[in-house]
Amino acid sequence: MRTNAMETVPEQVKPVDTLVQFCGVKKTYDGENLIVKNLDLEIRRGEFLTLLGPSGSGKTTCLMMLAGFEYPTSGEIRLDGQLLNRVPPHKRNIGMVFQNYALFPHMTIAQNVAYPLSVRKMDSMTRAAKVKQALDMVQMGKFGDRYPTQLSGGQQQRVALARTLVFDPQLVLMDEPLGALDKQLREHMQLELKALHKRLGVTFVYVTHDQSEALTMSDRVAVFDQGVIQQLAPVEDLYEFPENQFVASFIGDNNRFKASVESVDGERCTIRLPDGATLSGLNVHRAQTGQSVVACVRPERIRLQPLSMQDGGNFIKASVAGLIYFGDHVRVRCVVSGQDDCFVKLSLSDPALADLAEGSNIGLLIAPDRLRVFA
Ligand SMILES: Nc1ncnc2c1ncn2[C@@H]1O[C@H](COP(=O)(O)OP(=O)(O)OP(=O)(O)O)[C@@H](O)[C@H]1O
């Protein structure tokens, strides 16, 4: 059969390879309060997924159910298609790293790392080779004879990681593993973990309440609040396209304006601020005319403009309340409508900075496709 050379071949879309599935998972500890509410979540093979959310939002409970230390009250959890619900932890091929390292104090580092292999009854020659390989992987090859108390916190966490990786788990779970380390070491270890993930290609599920940690390391982030995933998306999408007010305020430093809907035009709407100024933006929740809403925009998406240059676009008046200098940029704090605080981010080389002083009146030009309106 002849084929037409001009015919365009549709691009092959790689099917998503799912490793873990949560289907309608609910968890209650006391039979009353739902800690995890009807959770649906698919974790892709090889990805670095972070569960991010405020304290008490149910992240650890999800991780514990995946590890087998807690069982779901209802719903299903599957690993590679196999139902996990009542499978005990030691029968799951899953490794877990905790914040407090949980190393055995009476064992040397090498014995600690060998432990999961001894439990699995691996012969001593293979065991020694695998322990060496795992310790080398986390740059702890020289420390095999020491005891945990002879290591720093960062070193102990590396050993804990080696002990998890040594038995080639299908899935690695980490619950705030860097929480006990100082800021500098934490940031260093974040990069190390990310590089290790890339090198090994193992699926990582990571729990943290630290936004910047989640955004630095993850392929995708599931933002939790009150036992519900508010949004699951790649890092950049969480910044640019938050699904609701919670995500917009929890990720990054979105500006928020209280307003009411003036008119609706398909996916867009015009909102009115308390001082009468109007703005147009994307109507994320299809709010109706007259409804109270909150509009969000990132500080980088606002331009400062002299009042005289108002061009009828998405322009509002503001007064400068202060300038805060950070490394390579300046945050300009403005007051809008006499009430809402709003930040604009400028680079140090921005010419707009020259005439800016506390108390000056200024125009804010907001990109309409970046202003998101939430009911
Ligand atoms: N064993 C338990 N018995 C009863 N309630 C529990 C138990 N474990 C957790 N909870 C409750 O479940 C809720 C969610 O806790 P969880 O540890 O999953 O949240 P989290 O988002 O991981 O918070 P954090 O970041 O503080 O660890 C909290 O209100 C907590 O008090």
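In what order do the five strands of the open sheet stand? The order is E15-E19-E16-E17-E18, with antiparallel pairing. The model is predicted, so local features need pLDDT of at least 70 and side-chain atom pairs count only at pLDDT 80 or more, while totals for chains, interfaces and linings use all residues. Residues are numbered from 1 along each chain as its sequence is written.

**The five-stranded sheet**

- Strands (E, at least two residues) and helices (H or I, at least four) are DSSP runs, numbered from the N terminus; two strands pair if DSSP finds at least two bridges between them.
- The edges of this sheet are strand E15 (302-305) and strand E18 (340-347); each has a single partner strand, so one side of each is left without a neighbour in the sheet.
- From one strand to the next, the twist averages 45°.
- Strand E16 (residues 315-326) and strand E17 (residues 329-336) run antiparallel and are joined by eight bridges.
- Within this pair, Ser319 stands opposite Val335 in E17.

**The four-stranded sheet**

- Another open sheet has four strands in the order E2-E1-E4-E5, and its pairing is antiparallel.
- E2 and strand E5 (82-83) stand at the edges, each with a single partner strand, so one side of each lacks a neighbour in the sheet.
- Strand E1 (residues 18-28) runs antiparallel to strand E2 (residues 34-44), and seven bridges join the two.
- Val20 stands opposite Ile43 in E2.
- Five residues lie between the strands in the hairpin of E1 and E2, where Gly31 takes a positive phi near 80°.
- Strand E4 (residues 74-79) pairs with E5 in the antiparallel sense over two bridges, and Arg78 stands opposite Leu83 in E5.

**Helix packing**

- The axes of helix H2 (residues 109-119) and helix H3 (residues 124-137) come within 9 Å and cross at roughly 120°. Axes are lines fitted to C-alpha atoms, for helices over the stretch in contact, and angles run from 0 to 180 degrees between N-to-C directions.
- That angle makes H2 oblique to H3; angles under 35 degrees count as roughly parallel, over 145 as roughly antiparallel, 65 to 115 as roughly perpendicular and the rest as oblique.
- Ala110, Val113, Ala114 and Leu117 of H2 make the contact with Arg127, Lys130, Val131, Ala134 and Leu135 of H3, where contact requires C-beta atoms, placed from the backbone, to lie within 7 Å.
- The residues of the contact of H2 with H3 divide into seven nonpolar, no polar and two charged. Ala, Val, Leu, Ile, Met, Phe, Trp, Tyr, Cys and Pro count as nonpolar, Asp, Glu, Lys and Arg as charged, and the others, Gly among them, as polar.
- H2 also packs with helix H4 (residues 153-165), at an angle of about 30° and with the axes 7 Å apart; H2 and H4 are therefore roughly parallel to each other.
- Their contact is made by Ile109, Asn112, Val113, Tyr115 and Pro116 of H2 and Val159, Ala162 and Arg163 of H4.
- By class, the contact of H2 with H4 has six nonpolar, one polar and one charged residues.

**The ligand shell**

- Tyr29, Ile35, Gly53, Ser55, Gly56, Ser57, Gly58, Lys59, Thr60, Thr61 and His209 surround the ligand; a residue is near a molecule if its C-beta atom, placed from the backbone, lies within 6 Å of it.
- Helix H1 (residues 59-67) supplies the largest share of this shell, three residues.
- The shell around the ligand has two nonpolar, eight polar and one charged residues.

Technical notes: Two residues are in contact if their C-beta atoms, placed from the backbone, lie within 7 Å.
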